[in-house]
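Let's take a walk through a protein model together. Have a look at the chain first, and then we'll go through it piece by piece.

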Amino acid sequence: MVKIVDRSVLVCGIVYFFLGIFGYLSYFKNMPPLVIQRPSLTGGIDWFMVVGKIILCVSLLGSVLLANNPLRLEIEKICNCGSKKRRPWLYYTITFSIMVMVSGFAILF
């Protein structure tokens, strides 16, 4: 289990590192407060920002998937009230609810 956690933290760290590098190298001195909303330097397609946005999306997707299982397990424990009986409909309802909430927050913010 420790290897999985170490690898997932390492992958997320590498992704954020490259996101920062691509964002900074493509704009240098005129860096706005929010890097991914800056205009293109040349007026065309800014490939550094395209790569940075793709890396950000992959990182967020991975973090949501990693956080989904423990969150669902804890909600399922609360809803079962100590019962050991597994209810598949509860599992799917909780998973669907988490995905809808995460998608809603991603769209709004």
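Is Tyr 91 buried, partly exposed or exposed? Tyr 91 is partly exposed, and its relative accessible area comes to 27%. Keep that residue in mind, as we'll come back to its neighbour soon. One thing to know before going on: what you're looking at is a predicted model.

**The overall layout**

Let's start with the big picture. The chain has three helices and zero strands, so reading from the N terminus you get the order α-α-α. Of the 109 residues in the chain, 19% are buried.

**Aromatic pairs**

Now for the rings. You'll find two aromatic pairs in the structure. One of them joins Phe 17 and Phe 18 in an edge-to-face arrangement, with the ring centres 5.6 Å apart and 70° between the planes. The other is made by Tyr 91 and Tyr 92, again edge-to-face, with 5.2 Å from centre to centre and an angle of 85° between the planes. Why do these count as edge-to-face? Because ring planes over 60 degrees apart are put in that class.

Tyr 92 counts as exposed because its relative accessibility is 58%, and the cut-off for exposed is over 50%.

Phe 17 sits in helix 1, which covers residues 2–25. Phe 17 and Phe 18 also turn up in a nonpolar patch on the surface, along with Leu 10, Ile 14, Ile 21, Tyr 24 and Leu 25. Together these residues have about 680 Å² of accessible area.

**Helix 2**

Next comes helix 2, running over residues 47–80. It has 34 residues and spans 49 Å from first C-alpha to last, close to the 50 Å expected at 1.5 Å a residue. Where does helix 2 have its kink? You'll see it at Asn 68, a bend of about 30° shortly before the proline Pro 70. Asn 68 is also one of the buried residues of helix 2, a list that includes Met 49, Gly 52, Ile 55 and Leu 56.

**The salt bridge**

Side chains of opposite charge can pair when their charged atoms come close. A search of the whole structure turns up one salt bridge. Its partners are Glu 74 and Lys 77, whose closest N and O atoms are 3.6 Å apart. Both lie in helix 2, three residues apart, which is about one turn of the helix. Glu 74 is partly exposed at 41% relative accessibility, and Lys 77 is partly exposed as well, with 49% relative accessible area.

Met 99 belongs to helix 3 (residues 88–108) and is partly exposed, with a relative accessible area of 29%. Ile 75 is in helix 2 and counts as partly exposed at 29% relative accessibility. Here is how each one sits relative to its partner:

| Pair | Apart in sequence | C-alpha to C-alpha |
|---|---|---|
| Met 99 and Leu 65 | 34 residues | 9.5 Å |
| Ile 75 and Leu 90 | 15 residues | 9.7 Å |

Technical notes:
Residues are numbered from 1 along each chain as its sequence is written. This is a predicted model: local features need pLDDT of at least 70, side-chain atom pairs count only at pLDDT 80 or more; totals for chains, interfaces and linings use all residues. Side-chain values use heavy atoms; hydrogens and water are left out. Rings of Phe, Tyr and Trp (its six-membered ring) pair if their centres lie within 6.5 Å; planes under 30 degrees apart count as stacked, over 60 as edge-to-face and the rest as tilted. Buried means under 20% relative accessible area, exposed over 50%, partly exposed in between (1.4 Å probe, protein chains only). Patches are made of residues with over 30% relative accessible area and no salt bridge: like charges are joined within 9 Å, nonpolar side chains (Val, Leu, Ile, Met, Phe, Trp, Tyr) within 5 Å. Accessible areas come from the Shrake-Rupley method with a 1.4 Å probe; for residues, only the protein chains shown count as cover. A salt bridge is a side-chain nitrogen of Lys or Arg within 4 Å of a carboxyl oxygen of Asp or Glu. Helices (H or I, at least four residues) and strands (E, at least two) are DSSP runs, numbered from the N terminus. The expected span of a helix is 1.5 Å times one less than its number of residues. The bend at a residue is the angle between axes fitted to the seven residues ending there and the seven starting there.
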